[in-house]
Amino acid sequence: MRVEELAKTLDLVLLSPLATAADIELACDEAAALHLAAVTAYPAFAGDVAERLRGSDVKAGACVGLPFGADQPAALVASAERAVNAGARELDVVMNVPAFLSGRFSETRDDLARVVRAARAAAAGAGRGTVIVKVIIEAPLLGDKLTRLACRVVADAGADLAATGSGAGSPARPQDVELMRECLPGEIGVAASGGVATLDDALALIDAGAQRVGSALAVDIVREMTAAGRRR
């Protein structure tokens, strides 16, 4: 894997409560210089991210439903629509983990489907083409059986990718990526995020089947590979 290929698998994630508008501007500039896949921030900053990345090949992203997706469905839909209307081209949506763990599987699926449809309708209405929707399932908290079921929920909801976690729970694990890749239809990708701090962390997740890896340290990971002169 070349450095350029690695960069295009990495999302720079800025979901710290301490991240300011100035921090986001700097992160966008760094992501654009390295040609990362996306920069993901809170919905309130979606417009700032989109504007700063204008003209680059890095997608503006927003994450709704943090930390565990337990907002009212109407609130999630409204947040998704606002983010897309502000310029987000990728949307990370946290599955309602408490509802899912309570056995409300159909409700969880239907709520996610509402958000997916709303995001795509907002993108179409704004004339901005498609929006990529990733659903965060918090796999490290679920166990294998429920992770399999969560993958089915994500597929039935019509999302583009299933993501291991938001980082609010346990770190991303290669075994979760492998299980999710096994369970999901081929057209639905796997993303991994949470606790990805080093180049070795990122490569282990990619080797397990992750198409995208989210990290607050994405810039450092690319620079680590560049400095080491590593190519796989």
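**Reading a predicted model**

Q: With which side chain does the side chain of Glu90 make a polar contact at 2.8 Å?

A: A polar contact is a pair of N or O atoms within 3.5 Å; within protein, one must be able to donate a hydrogen and the other to accept it, and residues adjacent in sequence count only if both atoms are side-chain atoms. For the side chain of Glu90, the partner at 2.8 Å is the side chain of Arg212. A polar contact also joins the side chains of Glu90 and Lys134, at 3.2 Å. The model is predicted: local features need pLDDT of at least 70, side-chain atom pairs count only at pLDDT 80 or more, and totals for chains, interfaces and linings use all residues. Residues are numbered from 1 along each chain as its sequence is written, and side-chain values use heavy atoms, with hydrogens and water left out.

Q: Where does Glu90 lie, and is Glu90 buried or exposed?

A: Strands (E, at least two residues) and helices (H or I, at least four) are DSSP runs numbered from the N terminus. Glu90 belongs to strand β4, residues 90-94. Buried means under 20% relative accessible area, exposed over 50%, partly exposed in between (1.4 Å probe, protein chains only). Glu90 has a relative accessible area of 1% and therefore counts as buried.

Q: Which residues is Glu90 in contact with, leaving aside its neighbours within four places in sequence?

A: Contact means heavy atoms within 4.5 Å. On that basis Glu90 is in contact with Asp11, Ala38, Lys59, Ala60, Gly61, Ala62, Val131, Ile132, Lys134 and Arg212, leaving aside neighbours within four places in sequence. Two of these names, Lys134 and Arg212, have already come up as polar partners.

Q: How far apart in space are Leu36 and Val58, C-alpha to C-alpha?

A: They are 5.9 Å apart, while 22 residues separate them in sequence. Leu36 lies in the loop between α2 and β2, and its relative accessible area of 0% makes it buried. Not counting residues up to four places away in sequence, Leu36 touches several residues, including Ala7, Leu10, Asp57, Val58, Val219 and Val222.

Q: What is phi in Glu138?

A: About 55°, again positive although Glu138 is not a glycine. Glu138 is placed in the loop between β5 (132-136) and α7. At 0% relative accessibility, Glu138 counts as buried.

Q: Which peptide bond is cis?

A: The peptide bond from Leu66 to Pro67 is cis, with omega near 0°. Pro67 is in the loop between β3 (59-64) and α4 (73-86).

Q: At what angle do α6 and α7 pack?

A: Axes are lines fitted to C-alpha atoms, for helices over the stretch in contact, and angles run from 0 to 180 degrees between N-to-C directions. Helix α6 (residues 105-125) packs against helix α7 (residues 143-157) at about 40°, with the axes 8 Å apart. Under 35 degrees counts as roughly parallel, over 145 as roughly antiparallel, 65 to 115 as roughly perpendicular and the rest as oblique. α6 and α7 are therefore oblique to each other. Phe105, Thr108, Arg109, Leu112, Ala113 and Val116 of α6 make the contact with Leu146, Leu149, Val153, Asp156 and Ala157 of α7.

Q: How do α8 and α9 pack?

A: Helix α8 (residues 174-183) and helix α9 (residues 199-208) pack at about 20°, with axes 8 Å apart. They are therefore roughly parallel. Pro174, Val177 and Glu178 of α8 and Ala204, Leu205 and Ala208 of α9 make the contact.

Q: At roughly what angle do the axes of α4 and α6 cross?

A: They cross at roughly 25° and come within 9 Å. That makes α4 roughly parallel to α6. Among the residues making the contact are Pro73, Leu76 and Val84 of α4 and Asp111, Arg114 and Ala123 of α6.
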